[in-house]
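Student: Could we go through this structure together? I would like to understand the terms as well as the values.

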Amino acid sequence: MTAPGPRCPVCLARFRATEHCSRCGADLAPLMRLSFQSYRLRQESKQAVAEGDFQKARDLARAAQEFAFTEAGGRLDTLTCWLTSVFPSGDAPAVYERSQDTRRSLAVTVRGVLRKFGL
Ligand SMILES: [Zn+2]
């Protein structure tokens, strides 16, 4: 099964990375900008996860979904929600700083979780 991906809001044709819909000619540039902004925020959120700043990651994941709702964004939102519940506000960076071994093993765990979530 393939991810549905973005579609033209007028005729529901798939995006073809052009500013106008290949089927109906609708101007897709505004949607492409929202989609890019959402992608950029998801990347920043994943970086914040890797750095142990889970609240920032959660805020960025939520913002990304507001720009453009995606399946991957939903998974990232779920993951960051879970991380902030496990490490209440402000705790995660302290855990990361506890020791280099802890930081290293947490980073490995977080990378594994990101992979598990398909992110
Ligand atoms: Zn169209």
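Tutor: Leaving out residues up to four places away in sequence, alanine 72 touches Arg42, Gly118 and Leu119; touching, or contact, requires C-beta atoms, placed from the backbone, within 7 Å. This is a predicted model, where local features need pLDDT of at least 70 and side-chain atom pairs count only at pLDDT 80 or more, while totals for chains, interfaces and linings use all residues. Residues are numbered from 1 along each chain as its sequence is written.

Student: Where is alanine 72 found?

Tutor: Alanine 72 sits in helix 3, residues 71-86. A helix here is a DSSP run of H or I with at least four residues, numbered from the N terminus.

Student: What makes alanine 72 count as partly exposed?

Tutor: Buried takes 20 or more other C-beta atoms within 10 Å, exposed 12 or fewer, and partly exposed is in between. Alanine 72 has 15 such neighbours, so it counts as partly exposed.

Student: Why are helix 1 and helix 3 called roughly parallel to each other?

Tutor: Helix 1 (residues 29-50) and helix 3 pack at an angle of about 30°. Angles under 35 degrees count as roughly parallel, and therefore this pair is called roughly parallel.

Student: Which residues of helix 1 and helix 3 make the contact?

Tutor: Helix 1 brings Ser38, Arg42, Ser45, Lys46 and Val49, and helix 3 brings Ala72, Gly73, Leu76, Thr80 and Leu83.

How values were computed: Helix = DSSP H or I, 4+ residues; strand = E, 2+ residues; numbered from the N terminus. Contact = placed C-beta atoms within 7 Å. Axes fitted to C-alpha atoms, helices over the stretch in contact; angles between N-to-C directions. Parallel < 35°, antiparallel > 145°, perpendicular 65-115°, else oblique.
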